[in-house]
Amino acid sequence: MTIETSRPRSARRLVSVPPAVLGLTPFALYVLLFLAIPTVLAVLSGLFDAQGRFTIANVAALFTPDILKTFASSFWVSAVTAIVGAVVGALVCYALLGLNPQGTLRSMVDSAASVLAQFGGVMLAFAFIATIGIQGFVTVFLKGLGINIFANGVWLYQVPGLLLPYIYFQVPLMIITFMPALEGLKPQWAEANATLGGTRLTYWARIAGPVLAPSFLGSLLLLFANAFSSYATAAALISQGAQIVPLRIRAALISETVLGRSNMAGALALGMIVIMVVLMWGYSALQSRTTRWQK
Amino acid sequence: MSGVRPVGAAPGRVARTVILGVVGILFTIPIVAMLEFSLRNLAGGYTFAHWAGVFSPASTVTYAVVFTGLRNSLLLAVVTVVIILVILLPTMILVQLQFPRLRRVLEFICIIPITVPAIVVVVGLAPVYSVVARLAGSSIWTLAFAYGVTVLPYAYRAIQSNLSLVDVVTLAEAARSLGAGWASVLWRVILPNLRRGILAAAFITVAVVLGEFTIASLLNRVNLQTALVQVSKSDPFVAVIFSLLALAFAFVLLLLIGRLASDRRTRAQKKAS
Amino acid sequence: MTPSPNYGATVELIDVVKDYAGHQALTGVSLSVRPGEFVALLGPSGCGKTTALRALSGLEQVNGGSILIDGVDVVDVPVNKRDIGMVFQSYSLFPHLTAIENVEFGLRMRKIPTAERRTRAAGALDLVGLGHLAGRYAHQLSGGQQQRIALARALVTRPRVLLLDEPLSALDAKVRVQLRDEIRRIQTDLGITTLFVTHDQEEALAVADRVAVMREGNIEQIGSPEELYTAPATPFVAAFVGLSNRMPATLSDRQVTLYGETLGVLGSPRVNGRANGPVLALVRPEDLLLVPPATPGSIAATVVASSFLGSLRRTRLTLWDGTLVSVQHAVSEHPQPGESLGVRLRGNAVSVSGIDG
């Protein structure tokens, strides 16, 4: 942005266009150094072995039953929490429809959603330990009612224990992502539906439903991606092991030999990126459909 | 503005109250649980001892690692905000002024960190950081470079939602035609109009950095979150108390962002009417 | 769609009252519309014209009065059962349906079988001249095309009443003129009773059989466009419809004297409760003449500026007492700024208003 402050006239005329482009270099350099290169390194490290020779063994190892099981667990947790988060979040958005956007209730819900969606993964783990941990508030309360939620083992510190904490940030994320779509429903559509003889049912079934579908699915994909790539909560709750993909990456980074293959972390990273790219591509395709309709 | 719309898509009072009520209660339970937990006396009953312990002078010694982590995280937050303001913000303004066609590219780049999550980036960050260590030392603040990338999507969105409402091209042209140099244009004309977006970006950056765990932990650095995990193994009460404090702090920050946004809107509405 | 003249219904609003929190939007509006008639509701924003229309459609509930369609009070009938057609100002086409699917929607709600639906919808699109765009989506169409499809959608169900809520306000000037003529033509062919809300008085006068000028929740005057223009009942109507010069005058005994001329007065005005006294005469620009300076009986004036408007000219002048007036005249006259001229009154009756009105 420091373009032509103290240059002599002739030089200024000569270099009128390039300096502006130069202004983009700090950002380009920064992103290159701290995003592009680490990502490339991460992915490439999966294609080389400990001695530095090219190999597809690591990538092939992704398809062993053990690791496939890890991906399946990740998928399962992500899918369940995404669906629950999407449905509950959509219901909350619906409940907020028609409220004054500047009103107290609405701004409180908005703030609460922003905070909880960002609620750092580690602190979320603590919150749920305090809630449904062995000595948790709810656990003790239910025990008082005669219900022992840990009758079949303490599941909080295993994969099923991730479900509730994840839903806790999925619902707010859904509210943040989906609310604009609901607000984009023009009142004229509901009114036109009524004047043409439709009922509230026909409105939701034939108009609002189809119009919201791309956005709902897009948000669902975003929630899935969010859960899939989440690390901190799992790391805090499950102190060792490789039950989901991010934890397996942790295991691979911390110990050099996983299944006797080094650089496994890179291969896992590659797998994750492929999946994330597919998810985010789907999300942006659905988003552009939504914005086209709600212009 | 208008009366009740009998045909509207809005929910009835009952539905609204039930949904918001149930969800609201379910979502406050963990927070209440944290509060309750932090007040528990191990011998039974409740006590403020844990809270007192955190705020007493002796705590800086007993919970040294937490305060180190907190200090580090705050430092990181500041440096990350600086990175955003010095690198991202000027770039966004430049693109808006000079390279409108690159806007989609910039937007895409700023969305990438969502696609390439921290857990993936961190795998490739170790070699990058060994280089950084040689150039700039291995103190904690260098981690901010990685954090800047993590917050890109949020900061970008915060600034862009402000930027897209302000016609910076016309403002800049008007200022230039009145004789302003680029520095004046930036400082006196553009930035004052972006205050809301900049503040929002700064706040959200702080919130995200304070909550970051993945990169710090896997690069073996100490920040607030890693310190809390470490402490939680020996003293879970401190961990929970700090989580509550961080939650309250983030809530205040984001409430302020919301107020900033609505202040602008209501002021504009008042002017129009 | 085969034209079947006069299948429109009679519409009556009787003493309709509508309150919003702290504010009366409609203060007892009464209006009677004949079958097949095209009535425009005209007025400034906030006058209640849109509220009246929406009350008729059922989108707003009223707090008092009756609304009769073909003699039946529909105040308690929900919107979707009133058998009306409505065209909104903008954004009303369903974005995820094609043009023809949009048009079919009302027929689908009435459970018309598919084949008949398609034919009728295609017919409606042809009626508005857009049969070739049947497969397009709203975001692929211009504003004018969207409004035509909205019109086709409203008409295809053969409603008894057609309601148009500022349908042209969001369109470009040229499109607006084309479309309003088309709406009028279709309406006349079909004979459907129509109410049309607008804030543009030129538009209202151009298309309607009768115009109801509204102000602050009620109808000030309703009449044919000519009546409103030449015989405005109140100063508000005189000022709102068409241009008016305000010239100081004296009112006495149903006549007004200004600049030495005496003119008749429209209506029976009482200004500030009195039938005599100083008033402002509202004189149309075409009721003033430009004559050479110092012509006997003329008012001395100096030209300020003259605008060429294609088929006529409008010149602004300052009279000797400082009053600014606008005179409409033939293009062949070329007044120059600073020129001295005389202004004469043609002698037609005028409206009057209070000095501050």
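## A walk through chains C, A and B

Let's start in chain C: helix 1 (residues 49-57) lies across strand 1, strand 2 and strand 4, running at about 115° to strand 1 of chain C. Helices here are DSSP runs of H or I with at least four residues, strands are E runs of at least two, and both are numbered from the N terminus. Axes are lines fitted to C-alpha atoms, for helices over the stretch in contact, and angles run from 0 to 180 degrees between N-to-C directions. This is a predicted model, so to speak of local features pLDDT must be at least 70, side-chain atom pairs count only at pLDDT 80 or more, and totals for chains, interfaces and linings use all residues. Residues are numbered from 1 along each chain as its sequence is written, while chains are lettered from A and ligands numbered from 1 in the order in which they are written.

Now for the sheet under discussion. In chain C, 4 strands form an open sheet in the order 2-1-4-5, with antiparallel pairing. Two strands pair if DSSP finds at least two bridges between them. At the edges sit strand 2 (23-33) and strand 5 of chain C, each pairing on one side only. Further in, strand 1 (residues 11-20) and strand 4 (residues 64-69) of chain C run antiparallel over 5 bridges, and C:Glu12 stands opposite C:Leu68 in strand 4 of chain C. Strand 4 of chain C also pairs with strand 5 (residues 72-73) of chain C, antiparallel again, over 2 bridges. Here C:Ile69 stands opposite C:Val72.

Carry on along chain C to a helix pair. Helix 2 (residues 99-109) and helix 3 (residues 114-127) of chain C pack at an angle of about 125°, their axes 9 Å apart. That angle makes helix 2 of chain C oblique to helix 3 of chain C. For the cut-offs, angles under 35 degrees count as roughly parallel, over 145 as roughly antiparallel, 65 to 115 as roughly perpendicular and the rest as oblique. Helix 2 of chain C passes helix 3 of chain C in a right-handed crossing; a crossing gets that name if the near helix is turned clockwise from the far one by less than a right angle, and is left-handed if anticlockwise. On the helix 2 side of chain C, the contact residues include C:Ile100, C:Val103 and C:Leu107, and on the helix 3 side they include C:Ala121 and C:Leu125. Contact means that the C-beta atoms of two residues, placed from the backbone, lie within 7 Å. By class, this contact has 8 nonpolar, no polar and 4 charged residues. Ala, Val, Leu, Ile, Met, Phe, Trp, Tyr, Cys and Pro count as nonpolar, Asp, Glu, Lys and Arg as charged, and the others, Gly among them, as polar.

The domain assignment of chain C gives domain 1 (11-230) and domain 2 (243-353), with such bounds coming from an automatic or database domain assignment. The C-alpha centres of the two domains of chain C lie 39 Å apart. Another sheet of chain C is open too, with 5 strands in the order 13-12-11-14-20 and antiparallel pairing. Strand 13 (261-264) and strand 20 (351-353) of chain C stand at its edges with a single partner strand each, so one side of each has no neighbour in the sheet. The twist averages 45° from one strand to the next. Strand 12 (residues 255-258) and strand 13 of chain C are joined antiparallel by 4 bridges, and C:Val256 has C:Leu263 as its bridge partner.

Over to the other chains. Chain B has 13 helices and 0 strands, and its C-alpha trace spans about 75 × 65 × 35 Å along its principal axes. In chain B, 73 residues are in contact with 72 residues of chain A. The side of chain B that touches chain A has 53 nonpolar, 16 polar and 4 charged residues.

One place to look is where helix 3 (residues 25-45) of chain A packs with helix 4 (residues 64-98) of chain B at about 125°, axes 8 Å apart. The crossing of these two helices is left-handed.
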